[in-house]
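Colleague: I have the model open and would like to walk through it with you. Could you start with how you assign the elements, and then go on to the packing?

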Amino acid sequence: MGQRYRCCERNRMRDIFCCGRGRMTEPRKAILDFFHSNKGHFTAEDIFEKISAEYPSIGLATIYRTLNTLYQNNILNKFEFGDGKAKFELSEHHDGQRHHHHLVCRDCGSIIEYDDFINEEKEFFSRLESILSKKHNFKITGHNLYFYGVCKNCESKYER
């Protein structure tokens with residue numbers, strides 16, 4: 001990897017990619033570096049567009065396989081925001097990443113992340129997780145929440 005990230009140490013990556021899934025190649029390192037260098041939610045096509053110039057031999061199938069392996073190993077989060085394309089971001093287990101929720105605009109597709117939870121939200125979600133866990137005898141290890149609506153830019157288009 002260009003940079004070393006405590007969350008993605010070489011031995012861990014070697015274990016993830018070498019156990020029947022191939023070796024840690026330069027294109028795979030480039031995908032990890034991409035996520036550590038860019039904040040946001042990205043499709044496989046977004047990543048292909050950004051790194052294929054530097055790695056012309058990389059194929060979209062390699063990117064899909066790598067993203068799925070990273071997701072299965074809790075390095076990436078995977079989201080389906082209703083547009084038919086999976087989007088990925090670094091998981092909250094990484095340095096500097098915090099648990100957050102998403103506001104998704106149904107018009108333009110923009111995604112607003114928020115993590116400035118007020119105490120009432122924290123208490124509500126903690127209580128909800130506890131209730132659901134007991135009700136269904138299920139150990140909850142996390143959650144994702146998306147709110148759908150219209151962002152202020154799109155809403156202003158309709159107010160004219």
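Modeller: Helices (H or I, at least four residues) and strands (E, at least two) are DSSP runs, numbered from the N terminus. This is a predicted model, in which local features need pLDDT of at least 70 and side-chain atom pairs count only at pLDDT 80 or more, while totals for chains, interfaces and linings use all residues. Residues are numbered from 1 along each chain as its sequence is written, and side-chain values use heavy atoms, with hydrogens and water left out.

Colleague: Let's look at α3. Which of its residues are buried?

Modeller: In helix α3, which spans residues 44-51, the buried residues are A44, I47 and I51. They sit on the same side of α3, because they cover an arc of only 65 degrees around the axis, the arc being that of the directions from the helix axis to the C-beta atoms. On the other side of α3, E49 and K50 are exposed.

Colleague: What covers the buried ones?

Modeller: The cover over the buried residues of α3 includes α2 (26-37) and α4 (60-72).

Colleague: How do α2 and α3 pack, in terms of angle and axes?

Modeller: Their axes are 11 Å apart and the packing angle is about 105 degrees; axes here are lines fitted to C-alpha atoms, for helices over the stretch in contact, and angles run from 0 to 180 degrees between N-to-C directions. That makes α2 roughly perpendicular to α3, given that angles under 35 degrees count as roughly parallel, over 145 as roughly antiparallel, 65 to 115 as roughly perpendicular and the rest as oblique.

Colleague: Which residues meet there?

Modeller: From α2, P27, A30, I31, F34 and F35 meet I47, K50 and I51 of α3, with contact meaning heavy atoms within 4.5 Å. The residues of this contact divide into seven nonpolar, no polar and one charged; Ala, Val, Leu, Ile, Met, Phe, Trp, Tyr, Cys and Pro count as nonpolar, Asp, Glu, Lys and Arg as charged, and the others, Gly among them, as polar.

Colleague: Take P27, then. Is P27 buried or exposed, and what does it touch?

Modeller: P27 in helix α2 counts as buried, at 15% relative accessibility. Not counting residues up to four places away in sequence, P27 touches I51, Y55 and I58.

Colleague: Changing topic, what is the phi of N137, and where is N137 found?

Modeller: Phi of N137 is near 50 degrees, a positive value in a residue other than glycine. N137 lies in the loop between α5 (119-136) and β5 (146-149), and N137 is exposed, with a relative accessible area of 73%.

Note on methods
Buried < 20%, exposed > 50% of the residue type's maximum accessible area, 1.4 Å probe, protein only.
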